[in-house]
Structures are given as C-alpha cells and as structure tokens.
Amino acid sequence: MKKYKFYFLIGSQHLYGDDTLKEVDAHAKIMADGFNSDPVIPCTVEVLPCVTTSKAIENAVIAANNDPMCAGIITWMHTFSPSKMWISGISKMMKPYLHLNTQFNRDIPWDTIDMDFMNLNQSAHGDREHGYIGTRMGARRKVIAGHWEDSQFRLEIASWMRAAVGVFESRRTRVLRISDNMRSVAVTDGDKVEAQMKLGWEIEHYGVGDIISELGKVTDEEIDALMKEYEEKYVIATDNTGAVRYQAKEEIAIKKFMDERGFTAFHTNFEDLQGLRQLPGLAAQDLMAKGYGFGAEGDWKVAAMTRILKAMTADMTGGTAFMEDYTYHFEPGNEMIMGAHMLEVCPTIAATKPEIKVFPLGIGDREDPARLVFRSKPGSAIVVSLVDMGDGLRMIVNDVECVEQVNDTPNLPVSAVLWKPLPCLKTSAEAWIYAGAAHHSVLSYDVTAEMMRDFANILGIEFVYINKDTEISSFVKELQLNDIIRKLK
Ligand code: MN
C-alpha cells in the first residue's frame, strides 16, 4: 500500500514573513513524518513546500494529476490562505481530495500564547476559508477535523486513503469477459460505456475459444508447479487428481491470458463453456485469493468490484469475496442469510483450511469440477452491490454480522458464509430489494461502509447504506429523493 502517494499541500500566504513560512514547512514535515511512521496510515504522505500563490497551487495540483502513483491530494491551512488563490488549482483537481481541519498544537498554550503565535497558527479560521471555496465550487471532497496526533483522526485518514486507492485501482481496472451475460438476467448487465466514464473500467469481451486455445499451450511442468502450490495452501481431499489438474490448467491459462493483456478481473458463463471440460471452480477461487476480481454468470460489475475492494485492503487479512444471497434461515429470533455460490467462493474468507474436493455440478453440463470447500469466519463485514439504474449507477452497502457455521450440509458441498444483516433480515432484505440491489455482491471483512461511501462520493455515484438505524419508510423516501437528484445531474 505504501506505493500509493498522497500529496500534502499546506496553505499559507506571504503576509507573515519568511520565518513564519519556514516554521510552517517544519511543522508540516513533522506531521507528515508522524503519519508515515504510523502503521495505521496505509499509504505514503509526501509533503510539498507550503503554497502561497495561485500559480504555486496550480502547479502542485498539476504535478499531482501527472504523477502516476499519486492517489490523492490532502490540504491543510496552517495559516490563513485566502481562497481566491485556490480557485485555479481546485478547478484542475483530478485526484481525490481530502481537506484536513487540524492544527499543529493540540492545546492552547495558555501562558505563552501571543500575537506571534496567532500569526503562525490559524487553521481554526484558515480551514474555514478553505472550506468555503470548496463548497462554493462544488468540489467533491472529504473533510476530517481533529488533532493530527489523535488516533481516531488518523483512522479516518486511513479509511479515506483506502477509498482513494479504490478509485486509483478502479481507473486501472480491466475486466475480461469470457462470453456474455447469461440469458436474460437484468441486474448483472448494464451500460459499459457509463461504467468506463464514471469508474474507468475497460470491459472487454473474448470468446471461450480464446481461453481454450490458451489451455492448449499449458505444459505439464506448469501444472505440476501449481499443484505443488495447491498442496501447500490447501488439503487435497480427493482421489480425482485429474479433475484437480484440469482446474490448475484452467487457472494457468486464464491467468496468463489476463496478465498478458492487463486484465485484473474476469467473469465466466456456465452456459457457454464450449470445449471447456469443467466450469472454472478451484481455478476461479485460487485466482481470487491472488487478488483478481471474479464474477459468475457474466457479471462484469461484481467482478470489477471484487477486484477493487481487494486492492483497497491488499495489506489486510480479513478477506474479501464474490458472494451471492443463497438461501434464508427464517428461524424466529435467529434469522440469517446463507451466502455462497455453486463453486466460486474466495478462500480468503475461510476459517478452516480449505479442502479441494470433486463433486458433480447439476448445471453446466460438463465434467465434475474440483472446488475448494471450507467454512467462513465469524465477524463484522459489509456486502456491496453496484447496479445500473439506467440514468446512473447506484451503490448499495449493508452492514452484516457473520456468525459461526455450526451445522453441516452433507448434501450441499459448497463453501458458505452465514450472516445476520443489520438491522434485521426483514428490514435489510426489504431495503435491499427496494433499492434494486443485486443477488450478487462483494462481501468484505476489511472494507467498511465509510470507505465505500467515500469511494462513491469521489466518483460521483449514488450511495445508499443499510445499517443498524435503517427504517423502511425513510429509506424509501431517500431512494425517491436520490432518483430525483440522479435525474437532475
Ligand atoms: Mn450467481
């Protein structure tokens, strides 16, 4: 995560003399060093010399725009910095924008405070002047207030940085579509031009035949090497080695095909397998564990979102997976959802060491595929869905509490995760359905709703949040207002 840089722009003006500006720079360096040495802050903060003219601000913004590893701009006004000089720079900002309202000293130095001190430390009013111009210009940004050494303040910066990294990776996402959407499913489809304009995704179609010809180039040595990797990471709990080797072959072919063309996510289509002998199961699962995005049944949106959420939390170990609302448990007082998919559940969410097994698959009409089977972790998580409303994209996030799976499902050999959605199954499901959210989603133990809210805000897409406080009538009213806002845009 440290490869992502954030430019730290400190605002001031010339009124106070060179000595004051030197102190401003010294303070900014201490603060940036503090952020960079804190393990909570995932990315690198690069402090620039303080800016005091319109030209300097514009140049700093252009440098941030042009730096391929710059994921965002953080501003803070150490002294008053008249905001007319920020107009040109803010109008050119192409990177995510965070405004920190902080100050170098934590406490008022009661006994020593004087006018010299006040000429240097002015963020209480300087940051309000800066806020005005951001709001007046309609700049999409995050505002975080607090002392820079406070742990909650830093957690909020860290959270926003992950959202900005999500935007950074979103704009580099290339989705490999192996075949098209399945049949007449509506929610998994959408406007790929809109997705590219808003989210930066390049979504490209290839025929299954392109993957099959890549399979033809895979060598036995390559399969042996991947089998060794499987043996180290997983328990091989089948005698059907041939089926496992075939999945390894598929994984190698799909990975090579993606890497050579810069794809970071892919989807399959179980109705269009042509000469593929197995639907990719273990292959898709292991590729997800390696950080690639995946969606089943032609779902290119969930494939890209899985990739992006994984990239936002690449240094974390909670797990992020392509998911589907599979079936309900309506036991009074213990209502929950079983999330799963017929094969393709990512092993990063496993609580037990995943086992490679081979079972028949009722659909797809091919050989029995090898798959990873495991139980998932308990813990707090979110589920995220992105849908195309026709006049814009809507992101829906629900807080969920994953619970331990105590029962076996001897006749359903899928990896599953059980969760209790907030505020309760009834309200969550009703809200999710009123919002038009999909049956496919991304489940993450690492990403938070706040990160996804910031991600959506930076990209200018609608965000709705189902949580412990959600109540249906006001939620539906919010959806109606959002429909109007989307149409006005
Ligand atoms: Mn599905």
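The legends below describe close-up views of a predicted model.

**View 1**

**View 1. An open sheet of three strands.**
Strands of a sheet pair through backbone hydrogen bonds, and the pairing can be parallel or antiparallel. Here the strand order is β8-β13-β14, and the pairing is mixed. β8 (235–236) and β14 (370–373) are at the edges; each has a single partner strand, so one side of each has no neighbour in the sheet.

**View 2. The pairing of β13 with β14.**
Strand β13 covers residues 355–358 and pairs with β14 in the antiparallel sense, over four bridges. Within this pairing, I356 stands opposite L372 in β14.

**View 3. The cysteines C43 and C70.**
A disulfide is a covalent bond between the sulfur atoms of two cysteines. The whole structure contains zero disulfides. For C43, the nearest cysteine sulfur is that of C70, 11 Å away, whereas a disulfide requires the sulfur atoms to be within 2.5 Å. C70 is likewise in no disulfide, with the sulfur of C43 as its nearest. Is C43 buried or exposed? C43 has 0% relative accessibility and therefore counts as buried. C70 is also buried, with a relative accessible area of 0%.

Technical notes. Residues are numbered from 1 along each chain as its sequence is written. This is a predicted model: local features need pLDDT of at least 70, side-chain atom pairs count only at pLDDT 80 or more; totals for chains, interfaces and linings use all residues. Side-chain values use heavy atoms; hydrogens and water are left out. Two strands pair if DSSP finds at least two bridges between them. Helices (H or I, at least four residues) and strands (E, at least two) are DSSP runs, numbered from the N terminus. Buried means under 20% relative accessible area, exposed over 50%, partly exposed in between (1.4 Å probe, protein chains only).
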